[in-house]
Amino acid sequence: MIEGIINSYQGLKEFSKAQEYAFKLEEIQQNMKGEKSEEYAQILTKIGDLYNDQDDFDKALQFFERSRGILQELYGENHPKFAISLNKLAWAYFNKSEFDLAYEFNSKAMGILQVNNNGLSQTDVEKLEELAVLLSTVCLLYTSPSPRDRQKSRMPSSA
């Protein structure tokens with residue numbers, strides 16, 4: 001129920017209200033399940049998403065990192081849920097224009113999903129693969145040297 005409220009406020013771009021409920025849910029999950037549960041990791045991811053939506057990428061990364069650590073501890077580094085946490089990090093780094101890191105995390109996520117996508121629906125896997133290809137392509141475009149970088153400026157020196 002609280003998740004629905006959070007999603008509604010997020011959809012309305014009322015982030016302060018969404019965060020208010022998200023932090024309440026974080027406290028509830030922490031008290032009920034502890035900090036080493038999948039549910040707790042999920043709410044940390046949701047809080048990271050809220051910060052990401054507000055262009056506060058450093059805060060988003062903090063929550064995505066915490067979630068990733070929990071999922072890594074729970075499932076190991078070859079599980080699809082861990083791969084999804086890497087994908088969240090990739091998008092946050094992409095949004096920060098840190099394309100090398102975005103590409104690195106995205107590549108790791110896709111490597112895991114190519115080997116193990118058990119527990120994910122086919123639709124989820126296809127969506128993640130489409131996003132990963134897009135992210136990889138854009139990251140490569142931004143990090144690869146342009147042929148223009150090797151040419152001398154064509155602008156007149158007086159310009």
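What share of the 159 residues of the protein count as buried? The answer is 38%, where buried means under 20% relative accessible area, exposed over 50% and partly exposed in between, with a 1.4 Å probe and protein chains only. This is a predicted model, in which local features need pLDDT of at least 70 and side-chain atom pairs count only at pLDDT 80 or more, while totals for chains, interfaces and linings use all residues. Residues are numbered from 1 along each chain as its sequence is written, and side-chain values use heavy atoms, with hydrogens and water left out.

**The whole chain**

Display the protein as a cartoon. It has seven helices and zero strands; helices (H or I, at least four residues) and strands (E, at least two) are DSSP runs, numbered from the N terminus.

**Helix α2**

Next, select residues 15-33, which form helix α2. At 1.5 Å a residue, its 19 residues should span 27 Å, and the end C-alpha atoms are 25 Å apart, which agrees; the expected span is 1.5 Å times one less than the number of residues. Within α2, colour Phe 15, Ala 18, Gln 19, Ala 22, Leu 25, Glu 26 and Gln 29, which are buried. Seen down the axis of α2, the buried residues fall within an arc of 125°, so they line one face of the helix; the arc is that of the directions from the helix axis to the C-beta atoms. On the other side of α2, Ser 16, Asn 31 and Met 32 are exposed.

Just after α2, Gly 34 takes a positive phi of about 85°.

**Glu 38**

Move on to Glu 38, in helix α3. At 18% relative accessibility, Glu 38 counts as buried. Leaving aside neighbours within four places in sequence, Glu 38 is in contact (heavy atoms within 4.5 Å) with Leu 71, Leu 74, Tyr 75 and Lys 81.

**The second largest pocket**

Finally, select Asp 49, Asn 52, Asp 53, Phe 64, Asn 87, Lys 88, Trp 91 and Asn 95, the lining of the second largest pocket. On a 1 Å grid over the protein atoms alone, a pocket is an open set of points with protein on both sides within 12 Å along at least five of seven lines, and lining residues have an atom within 4 Å of a point. Helices α3 and α5 (80-95) each supply at least two residues of this lining, and the largest share, four residues, comes from α5.

Terms used. On a 1 Å grid over the protein atoms alone, a cavity is a set of points where a 1.4 Å probe fits but cannot get out, and a pocket is an open set with protein on both sides within 12 Å along at least five of seven lines; lining residues have an atom within 4 Å of a point.
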